[in-house]
Amino acid sequence: MIWNVEEFVRAATVTVEGLAAYVDESQRGGSPVLGRRPPRELAEKLGLVRWIREGGMTPESYAEFLAAYLDEGTRLHHPAHLGHQVAAPDFPAALADFVHGAANNPMAIYEMGASAATVEFEVLRWMLDTVGFGDTGGGVLTHGGSLANLTALLAARAAAAPDAWTDGVPADLALLAPASAHYSLTRAAAILGLGERAVMPLDVDALGRIEVTRLPDALDRVRRAGRRPMALVAGACATGTGLHDDLRGIGEFCAETGVWFHVDGAHGASALLSEEHRHLLDGIELADSLIWDAHKMLRTSSLAAAVLTRRESDLDAAFQQRASYLFYGDQGSDLIGRTVECSKAELGLKVFLNLAWRGERGLGDHVARQYATARRFWELARQRPGFTCPYEPESNIVCFRYGTGDQVEIRERLMEDGAFQLTSAEIDGVRHLRIAVMAPATDDKTLEALLDRIGEEGRQTSR
Ligand SMILES: *Cc1c(COP(=O)(O)O)cnc(C)c1O
């Protein structure tokens, strides 16, 4: 059936109005931050089975469905959303999702979406410039940081073992990473055929940061185990703590020893856009490969992540493939050779529209504001009895404890009535509560209310 464009306009209008009300209410904190209704009950409430079997939705019934759907979900724009590290998206990026949904130009092959592909090229060029990889670097956008880490490590594998693609993976490769590295890196090692055992832990301090002075020992250990380092991974910043590894120190070590240096900047690379915070990433230009998520601090929806390599040819070496219907002739303008994905969404447009609306400066200000709010939380928490804050935050991620009781129980109680969403993480084997300040609506009032509530619940759980 061809589109009835009048029906489309009505349905789209309902969507815009529904979303506007939803975001407005969310930002004002006028509703629970998340719904936790069990799936069976929720399916019933939303009438899912009936809709699937019978169809027949109209703009009017859709309006009702949408309202219930939004109401039962998680409100990322809510000031009390302090949970997972996904952006409260900015609306220009949301427009891009809508455009993609309607026009659908998956553009890994240039002819499948010339404008979408060109937008991605320019966004990548901007990212490469921002990182300091300049004209010689290469990049591609992928659906998320996990896939980006896999892609970057595939490039590292191709550099260390060029025949691995055809002959299989040599048994002696090793991946050096701190235990605080994101789990997708260990996963990538397993997917790449290295096996999880090939991941050799780097020495870290009590907060999980790589000890630069201990790197020579780590390399010795790898060599004594009869292995070759395929890559060394550093965090910018670590997911758990939001703390940064010393990229310059580590990068210089890698350059001297010829070890591929991979920086996981999924969360923290966006701090390059803030004058005040750029220093946290000092030395990033020494990386051989880097990943950078736009759906964390550049305020796009999930998912959009960049894989960037200092030398473009490294990224082109990551994959080799044959498919006569796609791969032939000069493919200089096709990104398909650089990704796991074949069809790939118009990810560049989301990043581009946020840039076009807010500018680099605006996005940098967003990072700075979120980091400042997290710092404010740390200042307030430190002044209150019962709170332990093991480090001064460097980003918008803060770990802390209240009392000595079960921290997970405190978290459960806060989420039970949808008052707050927060997470938890282990530091040096001890579980902490953890917040990630993602929503611009989070303010001092939210932070004080959170601390009050944690105090109340904490006193009850430790009874
Ligand atoms: C979030 C995150 C990832 C994973 O990214 P996804 O986009 O969620 O797949 C990887 N590394 C770090 C440091 C992260 O914070």
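The side chains of Glu-412 and Arg-36 form a salt bridge with an N to O distance of 3.3 Å, where a salt bridge is a side-chain nitrogen of Lys or Arg within 4 Å of a carboxyl oxygen of Asp or Glu. This pair links distant parts of the chain, Glu-412 lying in helix 15 (residues 407-416) and Arg-36 in the loop between helix 1 (5-27) and helix 2 (39-46), 376 residues apart; helices (H or I, at least four residues) and strands (E, at least two) are DSSP runs, numbered from the N terminus. The model is a predicted one, in which local features need pLDDT of at least 70 and side-chain atom pairs count only at pLDDT 80 or more, whereas totals for chains, interfaces and linings use all residues. Residues are numbered from 1 along each chain as its sequence is written, and side-chain values use heavy atoms, with hydrogens and water left out.

Both partners of this bridge are described by relative accessible area, for which buried means under 20%, exposed over 50% and partly exposed in between (1.4 Å probe, protein chains only). Glu-412 is partly exposed because its relative accessible area is 28%, and Arg-36 is likewise partly exposed, at 41%. Side chains of opposite charge can pair when their charged atoms come close, and the structure holds 38 salt bridges.

A further salt bridge connects Asp-203 with Arg-214, the closest N and O atoms being 3.1 Å apart. Asp-203 and Arg-214 both lie in the loop between strand 3 (199-201) and helix 10 (215-224), eleven residues apart. Asp-203 has a relative accessible area of 22% and is therefore partly exposed, and Arg-214, at 35%, also counts as partly exposed.

In another salt bridge, the side chains of Arg-310 and Asp-288 meet at 3.0 Å, N to O. Arg-310 lies in the loop between strand 7 (305-309) and helix 13 (312-316) and Asp-288 in the loop between strand 5 (261-264) and strand 6 (289-293), so the pair ties together parts that are 22 residues apart in sequence. Arg-310 is partly exposed, with a relative accessible area of 27%, whereas Asp-288 is buried at 7%. Elsewhere, salt bridges that share partners join Arg-375, Arg-376, Glu-379, Glu-392 and Asp-444 into one network.

The ligand is surrounded by 16 residues, of which the closest are Gly-145, Ser-146, Asp-264, His-295 and Lys-296; a residue is counted as near the ligand if one of its heavy atoms lies within 4 Å of it. By class, this shell has three nonpolar, ten polar and three charged residues, where Ala, Val, Leu, Ile, Met, Phe, Trp, Tyr, Cys and Pro count as nonpolar, Asp, Glu, Lys and Arg as charged, and the others, Gly among them, as polar. Helix 7 (145-160) and helix 12 (294-297) each supply at least two residues of the shell, and the largest share, three residues, comes from helix 7.

His-244 lies in the loop between strand 4 (228-235) and helix 11 (247-257) and is buried, with a relative accessible area of 7%. Residues up to four places away in sequence being left out, His-244 touches Arg-209, Gly-235, Ala-236, Cys-237, Leu-280, Leu-281, Glu-394 and Ser-395, contact meaning heavy atoms within 4.5 Å. Cys-237 lies in the loop between strand 4 and helix 11, and the peptide bond from Ala-236 to Cys-237 is cis, with omega near 5 degrees. Another cis peptide bond joins Ser-302 and Leu-303, with omega about -5 degrees.

Arg-299 is buried at 11% relative accessibility, and its phi is near 60 degrees, a positive value in a residue other than glycine.
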